[in-house]
Structure formats: structure tokens, C-alpha cells
Number of protein chains: 2
Amino acid sequence: MENFIFANPVKIIFGKDTIKNIANEIPKNNKILIVYGRGSIKKNGVYDQVIAALKGHEVHEFSGIEPNPHYETCMKAAAFIKDKKLDYVLAVGGGSVIDAVKFIVAAAYFEIGDPWIIISEHAEIKRALPFGAILTLPATGSEMNAGSVITRAETHDKISFNSPLIYPKFAVLDPTTTYSLPAKQIGNGIADAFVHVIEQYLTYYTGDSMLQDYMAEAILKTLVNEGPKALESPTDYDVRANLMWASTWALNGWINCGVPQDWATHMIGHEITAFYGIDHAQTLAIVLPGVMTVLRNQKAKKIIRLGREVFGINMESKDNAINQTIKVVENFFEKIGIKTHLSDYNLGDEAIEKVSNRLAQRGWKLGEVRNITADTVKEILTLRK
Amino acid sequence: MENFIFANPVKIIFGKDTIKNIANEIPKNNKILIVYGRGSIKKNGVYDQVIAALKGHEVHEFSGIEPNPHYETCMKAAAFIKDKKLDYVLAVGGGSVIDAVKFIVAAAYFEIGDPWIIISEHAEIKRALPFGAILTLPATGSEMNAGSVITRAETHDKISFNSPLIYPKFAVLDPTTTYSLPAKQIGNGIADAFVHVIEQYLTYYTGDSMLQDYMAEAILKTLVNEGPKALESPTDYDVRANLMWASTWALNGWINCGVPQDWATHMIGHEITAFYGIDHAQTLAIVLPGVMTVLRNQKAKKIIRLGREVFGINMESKDNAINQTIKVVENFFEKIGIKTHLSDYNLGDEAIEKVSNRLAQRGWKLGEVRNITADTVKEILTLRK
């Protein structure tokens, strides 16, 4: 096990009918900005619950956060906060809204230039407004971590940043708020959480971080068991609760303590989304089987273990076990409604060229041992045509 | 899954040679009290590392914290803090030292009477000095939770209390500090951590908290795999690291979110320790197989699942699976060097009478559905003669 330092201070408020509790979490005299997306919270009752809970506060609103939230949109919200001298932000939505708020609270009082450098140059954040999150879509884990991914529309950049100052003060997870989500969003969320765990688990085999491996498998098994049920029975409370809690744990920082991490699938996927607007989870479902195939030797022991522990694959031949595990992962994505090949999204050689060129430009070497170059990316994507 | 609210802010500093990092965690001008036990830290080099790390601070010492730390001892430390106007406490040791410090920091400035009422009446703590922990014995999980168990020697009371104000600000977990521990203490620590998980897992079957169950099994499997190895190879870093991390997770509050909890084994065990001074872990190893036997119907599904998932027991007959699982749990304790019957400690009918009478006096009903009365305790202990 490698040395590590970690803390995660987010207060989780979990369960049915818990939105009303936010009144206890926000200082009484604070002026609040509610940030949300395209208005689904007005249809499913969440908005009304939030407004009722905040009675007595001065409340402002900023809506229209898009999926893969845009720098440009966030900057408008930051200006609004500064103008109105607001004290506290409440993100109401899924990972995009929460990620946007993380950038907004950091950008509002950023004083050493264009806040874009927080993302592009990882400029240090010295101050951020406090904020809470009401999660309505289990997927990204943003509700309990200190990371965010922001897209700059004009340059097709989709890049992550993080800072201990952007942990939510609290996160409300009410599984009933997810009942009305479209199947596509639930499927995307399951895939996103699944790949988060994979990025922190499916690496070269260190064999010495037993608890972290078992915990990663605990989350994967929950997602694999409950994912399809969540699609079949959208109002089964326990299934939605298990899914929501597993998605949070997929990226709250504990399972990666002291272990190597990959993240190549995400990095490649981000470029596909930035160029073509394909859903984040869809890009992951395209890329991951390719990464597993090309890196099959380096990741052999963990791929076999994933197959055995999570999907019940037991095969004498290591090669067959690896092939079967890659296949079953691909099938899992298809089962939750996500197509897994570039051609399913009308993408082909041009996209492969564009994405691998962009990664060559960035000069990034990806994966847990930094051996995935632009050429490897081309190889990976060519397998996924 | 039941609703829950939870946060755990403890900063974990994990790994080889990490004690030196405490300098970054304690405010520069603070006057510090180092609290420790009976001096083993002076033999294994930990004391020297702590003193070196705190260079430049005004440092005082309070030693002599006993296993099952005494109220009487803690009160002396609290008076010392008040007298010297100290700002920060550093617990260096195992769970007893950390538990003691939790009471000391709460008692030092307690203003509404004898601090014993924090324990006896769960009087609210309004203020506590900040403190950090350097863990040298993986066992109780106290390094990452907000609970403490204190013994009042004169009245044979051993009682727990908790408060969000008694979370350590940081905890240093350096597995190499455990190399020199006697086998008995390692064995006791494994058993303690094992039973912590069991208390939060082996309850009536709710079947609806999938991630929590898998996570509990992740910790149990780590303890069962690594425990015996830790005894055979005391300086195997990865084994000691896995054990230390699993012990912390056994009681850091996350696996019990939204699930029923038992704690009867601990409550009964505390009374045995309070009367007879038997080690905490020894009492757990005596009591747990009795609890599992008497509550076998209520806990049937979970006992069978424990046997299957953690110990690899697969049997057609449910009765046999339960019997076999109880047996294998008992064997596990024996394998790590802990005797499991009252007679092994020269205790018998008198002890059974005394402990069950004390619980009758207290009027507590124990277990996850509060159906374990003093009579049930007598039945449990009679099985363990």
C-alpha cells in the first residue's frame, strides 16, 4: 500500500423526505443562490421542497446549467453572485450542476486573473463561497468530492480541477427524487459510477491493498446487481437508495487511498464529448472495453479478479477469462441501455484521428503507469469502431 | 435502508515514516500535552519521532493511561491541562489512550458539574480542546470516530459516550509502529475490529442495504485473511497496513449508515471487563458465539451469509450452515490466540450471576431489536462456561 493523506468532510443527509433538513445547514442570515439545470426540478417537486425549506432566507436563482457545464455559463452565475453579494450557493441537480457550482463558488471571488486558469493552469483557489448540494441524479459522485469537470465550449476543452475548498458543506441524497428520471439518465449514471470504480481498481496488480480492492468490488457488485433493477422498477425505494449510495461511494476518495489509479478511459472520453457532444457515460462505454483489451497484459490479474468477484466468471484459461470479462463488461453497458461502439453514434476514423491528435497535442501520457500515448489511444479507439 | 445523517471529518495520514507530518497539523504557537500509556512508545522509537516532530512547541507529557482507561486518571490529566493552560492534546498509543484523550479534552473545560455526567448522564459537551492521534495499535477504531469508553474503577462502571466534538483533528497510522507489539495485543486488536463489524452487520436481515453489507464483508474478509498472517510475520508491511486500515474502517461510522445495529456483545463484554479485568477482546470472543447461538433465528440469514461470504461455508441445510458458521467464528478467535470460554479465564456461575444482575439493574434491553434482557444474557453466558 502506498502512503496517503486523506479526509472527506462532506455531511451526508440521506433518505426519504430529507430536503427539508437543509434549513439547519445554512446560516440564518445568508443570502442564497439556487443553481439548477433546465427545470426538471420544477416538474418533480424538488424545487418546491427547496423553496419551502429556505423560507425566511433571501433566495435568488440561476438556471440553465447544461450537461458538461460550460465555463461561459458559470462565469455569468459568478458575476451574478458578486453583483448581489450573495453568501451561499445551493446546487440542485446532478453532477453537471454540482460541478458547475464548484467552479462558480471558486470563480466568484477569484482575484488573480481570468478564472479559466483555475482549470487550464490549476491555479490555486484561495477562497470559495460555501455551498451545499441536493442530488437528483446518482452518477458522478460530485456531491461528496472535491473535483469538478468544466467545458469551454469555444475551444472544445473539457478539463477537471480540484481543491479542498470545493467540498460541498452538505449533500442531500433523497432516492425518491430519482424516480422521475428518464431511463437514459439512470443508465448513464450507472455506467459513470461503474467506470469511476474501475479507474481506481482495474490497474496493474499490486496485491497489497486488500481492503481497497474488496471495497471497490462492494461498490461494483451493488451497481451490477441494482443497476438493471433500477431501470425495471423505477420506484423501488431500496434499489434506488442502494444505487444512489453506491454512486456516491464510487468517487468519494476512499477507495483510491494508497492505490494506483488509471483514469485513461475518462480522459479519452472527455475529448470525445468535447468534440462531438456524446454523453459522458456513452464515451466511457465505448472506450473502456478498448482500454481493457489493449492493456490486457498489464491489467491481467485485476481483469480476471473483476470477472470472478463481480461477474462470477470462473475459467481455467487466463486468456479466456480476460476475453469473457471484457465481453461481460460490454454487455453490462448494453444491458443498461448504452451503446458501446463509435459507429453507434455515427463516429469513425475522423473522430479517432481528431481525438488522438488532440491527446498528442496535449502531450498527456495516460493510465496508471503513464504508458498510454496518442498512438495507444488510436489503437484503443480503432478497436471500438 | 433507513434514513441517516453522517459526516466524518478526521484527516488520515497513513503510511511509513509519517509521524513527522504532525508538525503541519498543529497550530504553531500551541502548547501541547502528549498523552500516552505505560511507556512502550519509548522503546519502539515512536516517542522520539513525536518529540522530534514537535520541535519548537512547548510540550508537556502525561503518561500512565491504563487499558480500559480510568475516569480517575483522565481527571488528573484534565486538571493538568487547565493548570498549564494547554491548547492541544496529542494521543500517542492505542484505543485506550485515544479514548482517554477524548474524555480529557471534554472534561478539561466542562463547566456544569463533575465531568462524570458526560458519561453517566450523557450530558452535552459544549467545548473540547482539539487533539490529534498517533495510533500504535490497530483495534478500536477510536482514531477515526467520535466515541469513547471510560471505566470508573471505584464503581466497576465501563460506559461509552460520544460527541461530534471529540473527533480527532487528524490520525497518523504508520503500520511500522505495530511491528513491536506483543502477539497478544495484535490478536486482541483483530478480534475487537472483527466484532465491531459484526455488531453492525450480523443483525436481523433487512436485505436492503446492499453496499453496507458488502462493505462490512470487505472489512471482515481483510481481517480474516490478514489477521493470522500478521501474527506469523510481524514485519510484513502490507499485511500490517491492511490490518491497520481495516481496523479503522471497522468503526469509523460509514458501514452502519442506514442499517440496524446490535452491540449486545460489547455491552455484555464491558460488564465482564469492569468486574474481572479480562481484556476487552477476550470478553468479545467469549460472548459473541453465545449471542449468535441464542439469537440464531433472528439473525439466521445474516449468519448464513457471513459463513458463505467471509468463511466460504456452503451447506444445504440452514441449521448446519448456522452451526458451522458459529463454530468457525469461535475457531477464528482461537486461531488468533484468544480463548473463548469463561472457564479459560477461571470464571463461572458467579460471574454469570454478577454480570446478568448488573444488566438487570441497569434495565438495558440489548440487541438490534432490544430483546436481550438480563435473562437472555444469563442464557448466553451459560452457553459459554
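**Ground rules.** Residues count from 1 along each chain as its sequence is written, and chains are lettered from A, with ligands numbered from 1, in the order in which they are written. Since the model is predicted, local features need pLDDT of at least 70 and side-chain atom pairs count only at pLDDT 80 or more, while totals for chains, interfaces and linings use all residues.

**Entry 1: where the chains meet.** I began with the contact between the chains, which takes 34 residues from chain A and 34 residues from chain B. Two residues are in contact if their C-beta atoms, placed from the backbone, lie within 7 Å. On chain A, the elements giving two or more residues to the side that touches chain B are β1 (4-14), α7 (210-232) and α8 (237-249). These elements are DSSP runs numbered from the N terminus: helices are H or I with at least four residues, strands are E with at least two. I sorted the residues on that side of chain A into 21 nonpolar, seven polar and six charged. For that sorting, Ala, Val, Leu, Ile, Met, Phe, Trp, Tyr, Cys and Pro are nonpolar, Asp, Glu, Lys and Arg are charged, and the others, Gly among them, are polar.

Next I looked at the strands. β1(A) runs antiparallel to β1 (residues 4-14) of chain B, and seven bridges join them. Strands pair if DSSP finds at least two bridges between them. Phe4(A) has Phe14(B) as its bridge partner.

**Entry 2: symmetry.** I noted that a rotation of 180 degrees with 0.0 Å of shift along its axis puts chain A on chain B, at RMSD 0.0 Å. The two copies are therefore related as by a two-fold rotation axis. In chain A, Pro9(A) has the C-alpha nearest that axis, 2.2 Å from it. The superposition is by least squares on C-alpha atoms of residues with pLDDT of at least 70 in both copies. I also found that 100% of the interface residues of chain A are interface residues in chain B too, so the copies meet through the same surface.

**Entry 3: Arg240(A).** The cut-offs, with C-beta atoms placed from the backbone, are 20 or more other C-beta atoms within 10 Å for buried, 12 or fewer for exposed, and partly exposed in between. Leaving out residues up to four places away in sequence, Arg240(A) touches Pro175(A), Thr178(A), Tyr179(A) and Ala230(A). Its C-alpha is 7.6 Å from that of Thr176(A), 64 residues away along the chain.

**Entry 4: a hairpin in chain B.** Here I followed β6 (residues 147-152) and β7 (residues 157-162) of chain B, which pair in the antiparallel sense over six bridges. Ile150(B) has Ile159(B) as its bridge partner in β7(B). Four residues lie between the strands of this hairpin, and His156(B) takes a positive phi near 55 degrees.

**Entry 5: helix α2 of chain B.** Which residues of α2 (residues 46-53) of chain B are buried? I listed Val46(B), Gln49(B), Val50(B) and Ala53(B). They cover an arc of only 100 degrees around the axis, so they sit on the same side of α2(B). The arc is that of the directions from the helix axis to the C-beta atoms. Asp48(B) and Ala52(B) are exposed on the other side of α2(B).
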